[in-house]
Amino acid sequence: MLDYRIQETQDYLQFEDLFKSSDLEFHLDESGLQPEGSLGGFACLGPEGEILAGAVITQRDGYFILNDIAVREDLRGQGLGQVLLEKSLDKIRDLGGQSVYITAKAPGFFKKYDFVFLSPEETPDIFSCLDCNRYEEDCFPEFMMRDL
């Protein structure tokens, strides 16, 4: 059985290697410390304090966003993503959120947890994907949302 603990965190920078190795964007706001609208997140830490997985929540224009969620590649399929997703959704509910939005590079994972696909036209203007030069060139995220 995998030995880990979940810790709430405001330290976004600790996730840089994990998120980049998972081919996620890693954008910082003007502070250089976190993404725009960061509300914090959750780190899944191993016995020596090493990062096994992480999730970060943001809010933009009143919309709650699961900004990033990733599990180390060698640990995928062991339930860490589900634990982080549940913690993140609980926090969004606690903050008064009634729905959450994502750009998913692994949409099958989110579909298992009742996220639904959105067309670009249905997607609120809260993601930079549609303006990115990589969009539909070498990056094909799915826009998804879930009511809470």
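Which residue in strand 4 is the bridge partner of Ala55?

**Figure 1. Overview of the predicted chain.** This is a predicted model in which local features need pLDDT of at least 70 and side-chain atom pairs count only at pLDDT 80 or more, whereas totals for chains, interfaces and linings use all residues. Residues are numbered from 1 along each chain as its sequence is written, and side-chain values use heavy atoms, with hydrogens and water left out. The chain contains three helices and seven strands; helices (H or I, at least four residues) and strands (E, at least two) are DSSP runs, numbered from the N terminus. Their order along the sequence is β-α-β-β-β-α-β-α-β-β. The radius of gyration is 15 Å, close to the 15 Å that the globule rule gives for 148 residues, so the chain is as compact as a globular protein of that length. This radius is taken over C-alpha atoms, and the globule rule is 2.2 Å times the number of residues to the power 0.38. The C-alpha trace spans about 45 × 30 × 30 Å along its principal axes.

Figure 2. Of the 148 residues, 44% are buried; buried means under 20% relative accessible area, exposed over 50%, and partly exposed in between (1.4 Å probe, protein chains only). The chain exposes about 8300 Å², and carbon and sulfur atoms supply 44% of that area. Accessible areas come from the Shrake-Rupley method with a 1.4 Å probe, and for residues only the protein chains shown count as cover. Contact means heavy atoms within 4.5 Å; among contacts between residues at least 6 apart in sequence, 63% join residues at least 24 apart. The mean positions of the 13 positive and 29 negative charges are 6 Å apart. Lys and Arg count as positive and Asp and Glu as negative, while His and the chain ends are not counted; each charge is placed at NZ of Lys, CZ of Arg, CG of Asp or CD of Glu.

Figure 3. Strand 3 (51–60) and strand 4 (63–71) pair in the antiparallel sense over eight bridges; two strands pair if DSSP finds at least two bridges between them. Within this pairing, Ala55 has Ile69 in strand 4 as its bridge partner. Eight of the nine residues of strand 4 are buried. Two residues separate the strands of the hairpin, and Asp61 in the turn has a positive phi of about 50 degrees. Asp61 is exposed, with a relative accessible area of 66%. Most residues other than glycine have a negative phi.

**Figure 4. Gly41 and Ala43 in strand 2.** Both Gly41 and Ala43 belong to strand 2, which covers residues 38–45. Gly41 is buried at a relative accessible area of 1%, and Ala43 is buried at 0%. Gly41 lies 14 residues from Ala55 in sequence and 5.4 Å from it in space, C-alpha to C-alpha. Not counting residues up to four places away in sequence, Gly41 touches Gln7, Glu8, Thr9, Ala55 and Val56. For Ala43, leaving aside neighbours within four places in sequence, the contacts are Arg5, Ile6, Gln7, Thr9, Gln14, Phe15 and Ala53. Ala43 and Tyr4 are 39 residues apart in sequence, with a C-alpha to C-alpha distance of 9.9 Å.

Figure 5. Leu13 occupies the loop between strand 1 (5–9) and helix 1 (16–21). Its relative accessible area is 34%, and Leu13 is therefore partly exposed. Beyond its neighbours within four places in sequence, Leu13 is in contact with Phe26, Leu28, Gly32 and Leu33. Leu13 and Glu136 are separated by 123 residues in sequence and by 27 Å in space, C-alpha to C-alpha.

**Figure 6. Strand 7 and its two partners.** Strand 7 (residues 142–147) pairs with strand 5 (residues 99–104) in the antiparallel sense over six bridges. In strand 7, Glu142 stands opposite Ala104. Strand 7 also pairs with strand 6 (residues 116–118), in the antiparallel sense over three bridges. Here Phe143 in strand 7 is the bridge partner of Leu118.

Figure 7. Asp114 is found in the loop between helix 3 (107–111) and strand 6. Although not a glycine, Asp114 has a positive phi of about 70 degrees. Asp114 is exposed, with a relative accessible area of 56%.
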